[in-house]
Amino acid sequence: MADKKRSNSSTTQKKSGKVPLAPSTKTPKTPPPIEQADGSPKPTKTDISPAAKISDDSASSTLRCYNIPDYRLEHPEFRIFMSGEGSSLEYSVEGDLSAAAPPIRDSKYLSSEQCIALYRWMLLNRRMEVALENLYKQGKVVGGVYFGLGQEGCSCASALALGPDDWLGPMIRNQGAMLVRGFSARDIMRQYMAKGDSPTWGRDASSHFGDWQRRNVCAPISMLGELIGVMAGICLGARLQGKNVAGLTYVGDGGQSTGVTYESLNFAAVQKLGLVLVVENNLWGYSTPSDMQFCVKDLAERAIAYGIPGVIVDGTDPCQVYDATYEACERAHRGEGPTLIEAKMMRMKGHAIHDAAQYVPAKLFDYWRNRDPIARFENYLINVKGWLTAEDNHKLIADVERELEADRDAAVASPMPDPETDKTHQGVYCDPSCHQIKPRYGPVVAKPREHGSAGPKAVEAAGHLK
Ligand SMILES: Cc1ncc(C[n+]2csc(CCOP(=O)(O)OP(=O)(O)O)c2C)c(N)n1
Ligand SMILES: [Mg+2]
């Protein structure tokens, strides 16, 4: 579980007794500033430049009249477009792809030990997915396999920024986040093989599982964007129990186009719920490039329209992701509302194991391979910071391999579910005697109605306008 530098938020809240039970009506419309990574104040909106008045439909960036804080150390400029015709139709990439990879940005919050722990999670995430690919090729997996190759830094660092009472709502690329939140590679492998002792006892496959009892993990929801509203609901439920928690979830560059994303994020913004939404802009949604999915320059721009802070990070830099998520969680704990974090990176495999991603221009893979989050973080820890010796790194890698091997062997040896003998997990639907959902953080505090009785309204005739 995450090693925290921050004070325990529950104690802070108890001491100050400052858990707002309803959004303040006095809050200014402008969201509080996020400090920039270099410590300088964040550029704020309302800088109406002449450019904003120029009508130019072709470039949304010229319409911008505000700034978004951006933690990145490089600003890649290229576009992906369709070229050719008929059978020679293909995607091409245009722009400068020759730049050297940027350095890792020093974290404002992570200690050297936490950085090494984060590196280990990322490594475990990647090697576990290699093992899953092999299990699939051996015919042991039921269904497909989804990978987060190239996105491990984003997945692991964001989850590491959560406090113990916060909640995680992972999506398919966030198996690293599930590891950080306390699931083992053994759990994940058993689940992919639909084993009887997997987290869903073989009832479901892939990463479709959670743990609301012990790990505060809400299972992924396939319908893109739906998890955002569920996480907002968790934050609302916690607030009604007197506690502000952060609810971290993810949506892709494709998924963020759904209507439910708008509805849920807007609701969270209005209610000032502690939703932390990481928009994983990995440049592809299935085989559709981001450039053909939306017109804004940066997806973090969407935050302006919700009236919440937005921030851009390099999703291949775990320190940037951690810092932005940590600050968003702190905001959530203070009851100040949601944050939208756009993490820019690249999906380094196809959508799932069945997709060879041949539609992706090879040059793009080369460019992002140079920005591999694990290789760069390893170099940062060993050569830039000197926090890890080459020898300790070898030991760490061997240790990860050993752990994975043991987990894989145990998962392979696990039995498949047996409907005849499995008496305890037969139920698919709850019945009234099944279980009782108890409030997690305390008794629900609801304001009584100001006028009249607290019961339901007496029947009221509908008004008909003629
Ligand atoms: C509402 C909805 N529409 C379509 C799909 C089918 N679908 C599953 S994943 C996917 C692509 C998602 O792309 P993106 O959001 O960019 O996430 P990524 O796979 O790149 O992580 C689509 C279209 C879905 N699951 N839900
Ligand atoms: Mg995508």
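How many aromatic pairs does the count come to? In this predicted model, in which local features need pLDDT of at least 70, side-chain atom pairs count only at pLDDT 80 or more and totals for chains, interfaces and linings use all residues, side-chain values use heavy atoms, with hydrogens and water left out. Residues are numbered from 1 along each chain as its sequence is written, while chains are lettered from A and ligands numbered from 1 in the order in which they are written.

**View 1. Aromatic pairs, with Phe 183 and Phe 209 as an example.** The count comes to 10 aromatic pairs, where rings of Phe, Tyr and Trp (its six-membered ring) pair if their centres lie within 6.5 Å, and planes under 30 degrees apart count as stacked, over 60 as edge-to-face and the rest as tilted. Phe 183 and Phe 209 form an edge-to-face pair, at 4.8 Å centre to centre and with 85° between the planes. The two residues are 26 apart in the chain, Phe 183 in the loop between helix 5 (175-180) and helix 6 (185-192) and Phe 209 in the loop between helix 6 and helix 7 (226-240); helices (H or I, at least four residues) and strands (E, at least two) are DSSP runs, numbered from the N terminus. Phe 183 counts as buried because its relative accessibility is 5%, and Phe 209 does so at 3%, where buried means under 20% relative accessible area, exposed over 50% and partly exposed in between (1.4 Å probe, protein chains only). Elsewhere, ring pairs link Phe 78, Tyr 367 and Trp 368 into a cluster.

**View 2. The magnesium ion (ligand 2) and its donors.** Asp 253 (OD), Asn 282 (OD1) and Trp 284 (O) coordinate the magnesium ion at 2.0 to 2.2 Å, donors being N, O and S atoms within 2.8 Å of the metal (3.2 Å for Na, K and Ca); water is not among the atoms, so sites may look incomplete. Asp 253, in the loop between strand 4 (247-252) and helix 8 (259-271), is 29 residues apart from Asn 282, in the loop between strand 5 (275-281) and strand 6 (284-285). Both Asp 253 and Asn 282 are buried.

View 3. Ser 158 is buried, its relative accessible area being 0%. Leaving aside residues up to four places away in sequence, Ser 158 touches Gly 153, Leu 248, Tyr 250, Val 321 and Thr 325, contact meaning heavy atoms within 4.5 Å.
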